[in-house]
Amino acid sequence: GTYAADAKTRAATIKADQSKAQVIATQSQQKASAAASGAYSDAVALQQANKFDEAIAKYKEAIAAAPNEAAYYYGMGTAYQAKEDLDNALVNYQKANQLNPKEPAYVQVIKQLKQAKAAPLVNTAIEKQTKAGPDGKFDLAGSIADYEAALKIYDDPATHGYLGTAYQAQGNNDRYAAEQRERYPCAIFKYRTHQRKLASQQ
């Protein structure tokens, strides 16, 4: 029919002039982009006014209009973090990083947030390890559990070192040595490489 003929004509026109395909795509993108940009601007203004829930709603509007814009997820992450909702903040930072892995700011904020989430566990672990209870004993088992929970959130060499000392205090030297290897992986790699080099020269 006429519709099919018109469609063929449009297809032939686009094939002859690829820029027309871009124009058709761009028109819908511009509408979405304008909606997203407006919602994002509103979100930033609301966040600056400390209206975090309203800001998050606007960030979600922006994301609905432009779901592949990493900056919108990052912005929503900052709003969640301002509310001290670190779990949702981390989810959005990770999405931003997934969409734009070359942006160093996203990598850095994920690292900082994981450190912030792990820090209370590390602090309680240190307290259990270093402060004796009423019975005069240290809660080494509790300390180890907290260190290990912290490491599941953020795999930090320093925390491996602390965990190693807790195992050492328990008399578990094998686990102490294992955690020290986690704490100093580069140094151990260099040492082993040096040892292999010496062996090959003999």
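V91 is partly exposed, with a relative accessible area of 49%, where buried means under 20% relative accessible area, exposed over 50% and partly exposed in between, for a 1.4 Å probe and protein chains only. The residue belongs to helix α5, helices being DSSP runs of H or I with at least four residues, strands DSSP runs of E with at least two, and both numbered from the N terminus. In this predicted model, the C-alpha atoms of V91 and M76 are separated by 9.9 Å, and the two residues stand 15 apart along the chain.

N92 is also placed in helix α5, which covers residues 86-99, but N92 is buried, at a relative accessible area of 7%. Leaving aside residues up to four places away in sequence, N92 touches Y73, Y74, M76, G77 and Y80, a contact being heavy atoms within 4.5 Å.

## Basis of the model

This is a predicted model in which local features need pLDDT of at least 70 and side-chain atom pairs count only at pLDDT 80 or more, whereas totals for chains, interfaces and linings use all residues. Residues are numbered from 1 along each chain as its sequence is written, and side-chain values use heavy atoms, with hydrogens and water left out.

## Overall architecture and surface

The secondary structure of the protein comes to 10 helices and 0 strands, so that the order of elements from the N terminus on reads α-α-α-α-α-α-α-α-α-α. Of the 202 residues in the protein, 26% are buried. Among contacts between residues at least 6 apart in sequence, 36% join residues at least 24 apart.

The protein exposes about 13,000 Å², and carbon and sulfur atoms supply 53% of this area; accessible areas come from the Shrake-Rupley method with a 1.4 Å probe, and for residues only the protein chains shown count as cover.

## Salt bridges

The model holds 7 salt bridges, each defined as a side-chain nitrogen of Lys or Arg within 4 Å of a carboxyl oxygen of Asp or Glu. One of them joins the side chains of K128 and D146, at 2.8 Å from N to O. This pair links distant parts of the chain, with K128 in helix α6 (residues 104-130) and D146 in helix α7 (residues 140-153), 18 residues apart. K128 is partly exposed, at a relative accessible area of 29%, whereas D146 counts as buried at 12% relative accessibility.

R175 takes part in two of the salt bridges described here, one with E148 at 3.7 Å from N to O and one with E179 at 3.3 Å from N to O. Because R175 lies in helix α9 (residues 173-183) and E148 in helix α7, their pair ties together parts that are 27 residues apart in sequence. E179 and R175, by contrast, are separated by about one helical turn, because they stand 4 residues apart in helix α9. An α-helix has 3.6 residues a turn, so residues three or four places apart point the same way. R175 counts as partly exposed at 31% relative accessibility, and E148 is partly exposed at 30%, while E179 counts as buried at 6%. Elsewhere, D42, K58 and E61 are linked in a network of salt bridges.

## Helix α8 and its packing

Helix α8 (residues 157-169) has 13 residues and reaches 19 Å from its first C-alpha to its last, close to the 18 Å expected at 1.5 Å a residue, the expected span being 1.5 Å times one less than the number of residues. In α8, T159, H160, G161, L163, G164, A166 and Y167 are buried, and the buried residues of this helix pack against α6, α7 and α9. Just after α8, G171 takes a positive phi of about 85°.

## Confidence

The protein averages a pLDDT of 83, and 76% of the residues score at least 70; pLDDT is the predictor's confidence in each residue, from 0 to 100. Confidence is lowest in helix α1 (residues 2-16), at a mean of 45, and highest in α7, at 96. Over residues 1-25 the pLDDT is below 50, and beyond near neighbours in sequence this stretch has 6 contacts in the model. The pLDDT is likewise below 50 over residues 188-195, a stretch with 3 contacts in the model beyond near neighbours in sequence. Where pLDDT is low, the predicted coordinates should not be read in detail.
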